Structures are given as structure tokens and as C-alpha cells.
Protein chains: 2
Amino acid sequence: MASTSVDVKELPASYVFVADVPGIKNSEVKVQIENDSILKISGERRRDDNPTFDVKYVRAERPAGKFMRKFNLPSNANLEGVSAACQDGQLTVVVPKIPPPAPYKPRTFDIPIGTLVYTNPK
Amino acid sequence: MASTSVDVKELPASYVFVADVPGIKNSEVKVQIENDSILKISGERRRDDNPTFDVKYVRAERPAGKFMRKFNLPSNANLEGVSAACQDGQLTVVVPKIPPPAPYKPRTFDIPIGTLVYTNPK
């Protein structure tokens, strides 16, 4: 199982994964979430030579075959909002962040003085 | 100067060079013939991050910067017919072959018997 180079970026509102997948189309790459915590990118690079021609490889440096990468996602990843697209041989996966809860702000307010109210009647 | 992976194939009528250039468009890659004998492929891979966002690189595996590769072309390469195109992060350069001269075929034919012809008059 071959690998592929991936950049991981953190933006204010999302995590962005960019993978090099030259020669691969949208339909040939698979993006999955495993166990609600792992981003899995997989696919296969094929040498699509025309079988009607006699092709002789003088040099074959480009990796071919299946590839796979896995990344642990942080706890604030919004798994339902993950989107992915392939363009110019680059796969980009955007994982939005769950917005942090509103910060705790202690309140100050008045209690009216008058009739007492008991939750459990006497 | 970084490198990039290239496959070189020989077909019956051409040589084909396929280079991995993920994220690169037609206008960002340069294909040149040097000294009537060398194929030069060069370009630059940029990290095109939106400068208005605060981007933090958690992982940066993808090569960035300028890259260049040179290949000696065989003597039967038709330099005037070279063509190149970028698609899905792959640059393909096709170098047609000059067709070999028609094979030597010894002839058999009759010489008419009659008046002699001298190239240098006696």
C-alpha cells in the first residue's frame, strides 16, 4: 500500500487536508470517516496505457497502485459538515470546527423582596 | 530546486513523458527544447493560501517551490512535432519519432542492348 503526500492546515473555523493525487479523478478517490474520529483517504493510481499499442517503459518513477492515509480528527471536528473535492490532481478535504460554547459569563441581578415561594409546599 | 516524478514511455511512433505536477495549471509549467537535444520541464509549486485567514500548518509533506527535470532526446525525435498538455495534475509531453528511411531494397532490371552511350565523348 503506497502513500501520498498530505498537507494539514488549521484555519480559524476549519481543518483543511490537501493530498497530492495526480492523474486521479473524483470517482477514483474515497474519503471516509471511521469510528467517528478518523479521516481516511484512499484510492488507486493506475497506468492507463492504451492496450492496442506496444508500450515500453524506459523510466517509471511515478508511484502506481493503491494508496491510503489516515488522520485522527480533533474532538471539535464537525463530522457531519465534512466536504471534499478533487481538482488539478489535488484532493482537498474541509473539516469544519464545532464552534466553542459561548464563554461563561457570571450574571448579576436583583431578587425582589415580597412573598416567599416554596417549591415544596410546607 | 526540487524534482518531480516522471515516467518515460516508448511507443511505436513516439516517446511520451508523463510528469506528476499536482496543483499546477497549464500556465504554470514550462516545456522547452534545449540545444536541439534536451527536453526541459520546469515550473513552480506554490502554497496558495488565502492571506486574509490565519493559516497554521500542522503538517506540510507536499513539496513546494521550483522544480526542474531534463531528458536527453534520442536522435530520431521530431523536435518540431513536440506537444504538451496538463490535466488532472499530470503533464504529458509527446515527442513524435522521425520515421526511419525506407529500407534498402536491391533492384533487378534489364539493360537494353543497342547503341552505346558515353558520358564523356571519346
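Welcome to the tour: across all chains, the structure holds 24 salt bridges. Keep in mind as you go that this is a predicted model.

**First stop: a bridge between chains.** Select Arg45(B) and Asp20(A). They form a salt bridge, with their closest N and O atoms 3.0 Å apart.

How many salt bridges does the rule find across the interface of chain A and chain B? Twelve salt bridges turn up there. To see another salt bridge, pick Lys56(B) and Glu10(A), whose side chains meet at 3.4 Å, N to O. Next, colour the polar contacts: 22 residue pairs are in polar contact across the interface of chain A and chain B, with both residues at pLDDT 80 or more.

Show the side of chain A that touches chain B. The elements giving two or more residues to this side are strand 1 (6–10), strand 2 (14–20), strand 5 (56–60) and strand 6 (65–72) of chain A. Colour the residues of this side by class and you will get 14 nonpolar, five polar and 15 charged.

Now select strand 1 of chain A together with strand 5 (residues 56–60) of chain B. The two run antiparallel and are joined by four bridges. Which residue of strand 5 of chain B is the bridge partner of Val8(A)? Click on Arg59(B) to find that partner.

**Fifth stop: the whole interface.** Zoom out and select the contact residues: 34 residues of chain A are in contact with 34 residues of chain B. Between them, chain A and chain B bury an area of about 2,900 Å², and carbon and sulfur atoms give 47% of that. Highlight Asp7(A), Arg62(A) and Asp88(A), which supply 22% of the area that chain A buries against chain B, more than any other three residues.

**Last stop: the two copies.**

Key
Residues numbered from 1 in each chain as written. Chains lettered and ligands numbered in written order. Predicted model: local features only at pLDDT ≥ 70, side-chain atom pairs only at ≥ 80, totals over all residues. Heavy atoms only, no water. Contact = heavy atoms within 4.5 Å. Buried area = accessible area lost by both parts, 1.4 Å probe. Salt bridge = Lys/Arg side-chain N within 4 Å of Asp/Glu carboxyl O. Polar contact = N/O pair within 3.5 Å; in protein donor to acceptor, adjacent residues only side chain to side chain. Nonpolar A, V, L, I, M, F, W, Y, C, P; charged D, E, K, R; others polar. Pairing = 2+ DSSP bridges.
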